[in-house]
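User: I would like to learn how to read a structure feature by feature. Please take me through this one, with the general idea before each case.

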Amino acid sequence: MKKILCALLLALAATPALHAQTRPAGEVAGPVETSPSDRFMLQNGEVVLMKGQRATSLSKNVLLKNGTKINYKSGIVELPGGKITTLKAGDYVRPNGDIVFGSPASAAQARGDNSVPATAEFSTYTDPRPAPGNAAAMETRLNEMNDKIGLMAQKIGLLNQKISLLSSGGKTADTSALDSQIQAIDAKLK
């Protein structure tokens with residue numbers, strides 16, 4: 001009888017361990033139904049899924065398609081490359097894994113720069129031109145904006161080349177050709 005009782009107790013003691021091994025690690029949610037306009041943001045100390053203006057509470061950590069992990073309790077976001085950041089008020093994560101920062105201080109802190117004051121705010125851009133009066137004017141304005149976006153993308157590419165050149169060649173690297181191309185793009189952007 002004692003042997004049976006001991007065996008039963010050992011079997012019961014091992015049962016939670018068996019369940020723990022078969023349970024999904026970290027309680028990660030399965031596929032979360034999202035649209036591109038949805039966002040995961042910190043609200044009242046926990047991450048919620050915002051669908052338009054409606055907040056949906058989460059009960060499990062989220063794993064996005066690109067590998068980004070979001071801890072719903074703490075707001076800690078782990079990117080696929082291993083970089084970790086914590087969401088602050090106003091920050092959010094898009095369903096594709098992009099993080100949008102709500103303040104310059106939050107963005108600076110995510111990249112390890114603590115020199116930006118916590119009270120700093122992003123500048124608001126307002127297009128001073130009147131709204132287009134018809135579809136043709138709207139199309140023209142959209143084409144202008146697309147052209148500017150293309151120029152900014154070219155500038156980013158040139159700046160990345162300059163950074164790469166300066167990183168490998170040091171202070172002696174000649175960046176004059178890149179500088180003149182950047183200045184030409186800046187002139188077109190004005």
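Predicted model: local features only at pLDDT ≥ 70, side-chain atom pairs only at ≥ 80, totals over all residues.

User: Now the hairpin. How many bridges join strand 2 and strand 3?

Analyst: Strand 2 (residues 46-51) and strand 3 (residues 54-57) pair over 4 bridges, in the antiparallel sense. Leu49 stands opposite Thr56 in strand 3. The hairpin has 2 residues between the strands. Gly52 takes a positive phi there, near 70°.

User: How should I think about side chains along a strand?

Analyst: In a regular strand the side chains alternate between the two faces of the sheet. A related idea concerns the interior. In soluble globular proteins, nonpolar side chains tend to be buried together.

User: Which residues make up the largest nonpolar core here?

Analyst: That core has 11 residues. They are Phe40, Val47, Leu49, Leu58, Val62, Leu64, Ile70, Tyr72, Val77, Leu87 and Val93. A second, separate core has 6 residues, including Leu151, Leu158, Leu178 and Ile185.

User: Next, salt bridges. How many does a search of the whole structure find?

Analyst: It finds 6. Take Glu144 and Arg129 as one case, where the side chains meet at 2.7 Å, N to O. Glu144 lies in helix 3 (residues 135-169), and Arg129 in the loop between helix 2 (104-110) and helix 3, so the pair ties together parts that are 15 residues apart in sequence.

User: Which residue does Lys162 bridge to?

Analyst: Lys162 forms a salt bridge with Asp179, and the closest N and O atoms are 2.7 Å apart. Lys162 is in helix 3 and Asp179 in helix 4 (residues 176-189), so the pair ties together parts that are 17 residues apart in sequence. Lys162 is partly exposed, with a relative accessible area of 22%. For Asp179, also partly exposed, the value is 24%.

User: Is Arg111 buried or exposed?

Analyst: Arg111 is exposed, with a relative accessible area of 57%. Its salt-bridge partner is Asp113, at 3.7 Å, N to O. Asp113 counts as partly exposed, at 26%.

User: Last, pockets. What lines the second largest pocket?

Analyst: Rolling a probe the size of a water molecule over the atoms shows where empty space is left. In the second largest pocket, that space is about 180 Å³. The lining is Tyr125, Asp127, Arg129, Glu144, Met145, Lys148, Ile149 and Met152. By class, that gives 4 nonpolar, no polar and 4 charged residues. Glu144 and Arg129 are both in this lining, and their side chains meet in a salt bridge.

Methods
Residues numbered from 1 in each chain as written. Heavy atoms only, no water. Pairing = 2+ DSSP bridges. 1 Å grid on protein atoms, 1.4 Å probe; cavity = no way out; pocket = protein on both sides within 12 Å on 5 of 7 lines; lining within 4 Å. Points joined across faces, edges and corners; volume = space filled by probe spheres on them. Nonpolar A, V, L, I, M, F, W, Y, C, P; charged D, E, K, R; others polar. Salt bridge = Lys/Arg side-chain N within 4 Å of Asp/Glu carboxyl O. Buried < 20%, exposed > 50% of the residue type's maximum accessible area, 1.4 Å probe, protein only. Core = buried A, V, L, I, M, F, W, Y, C linked by side-chain atoms within 4.5 Å.
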